[in-house]
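I wanted to get my bearings in this structure, so I looked up a few things about its surface, its strands and its charged pairs. My entries follow.

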Amino acid sequence: MILITRPQLEAEELKAKLLENKIHAHCDPLISFHYDDAWSKKQKTLDANSVCLLTSIQALYSIEKNYSLKDYFNDVNIVCIGERVSNYLISKSAGNIISTFQDSDHLLQELNFENLKNNSFIYFCGNQHNEDFIEKIKLKNISLKSIIVYQVEAAQELDVTTREMIEQNTIQSVVLYSKFTADIFMDLLNKAGLSDTFLDKKIFCLSKKIATIIESRNFKNVYSSPSPDEQSMINVIKKSL
């Protein structure tokens, strides 16, 4: 059985997809989200010169609690990371999506920043966001403002059932989708006294960057997806279990 650490909704969706491939999973979300509307009082409207950077579906859920996505992004250009984000915007007829990228590295390599140097970027994000990514954009002579539209809350411990399943060797693997949750999982394993028990288990990571974090903790049975999307991740899991 594989452990899924994604947020509840995404975890259940992945569990269903894995079950289609006869892979059984247990869900223990390690992060949850809190939406705060304080930001909306500071950013009620967007300038037509803005380029909105959207990298998380949670940012859209938060914005949508205060505005119609179609109306809010009506006059601006949008850059997305992840098809889940762009598809959700499309389903709401929201904005002019000029590009969608697989991950932050892909965006930094492929987005034509030269054509956008006269625009102001607005990055809608959570409190746990990639500061290195922001700095790399600014180094391209781009004006960028971050707006925190939701809070990420980390679990304080692994679920009792999860701990028991690891102790009983029922859980044989885990899938990790972000560096943040990878760190949380490693810390909670250690807190539960289960790090040594998990050393021989398979750990599936959405990217090499996540895998590097796990390998730095002396875990050896680590697999990374060749592409940072869910289907590629599922393919790696299918081949390895």
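I began with E157, which I found in the loop between β8 (143–154) and α7 (160–167); helices (H or I, at least four residues) and strands (E, at least two) are DSSP runs, numbered from the N terminus. The model is predicted, with local features needing pLDDT of at least 70 and side-chain atom pairs counting only at pLDDT 80 or more, while totals for chains, interfaces and linings use all residues. Residues are numbered from 1 along each chain as its sequence is written, and side-chain values use heavy atoms, with hydrogens and water left out.

Next I turned to the sheet. I noted five strands forming an open sheet with parallel pairing, in the order β2-β1-β9-β10-β11, where two strands pair if DSSP finds at least two bridges between them. The edge strands are β2 (25–27) and β11 (222–224), each of which pairs on one side only. Looking at one pair, I saw that β1 (residues 2–4) and β9 (residues 173–176) run parallel and are joined over three bridges, with I2 standing opposite S173 in β9.

Then I looked up the salt bridges (a side-chain nitrogen of Lys or Arg within 4 Å of a carboxyl oxygen of Asp or Glu), and the count by this rule came to 11.
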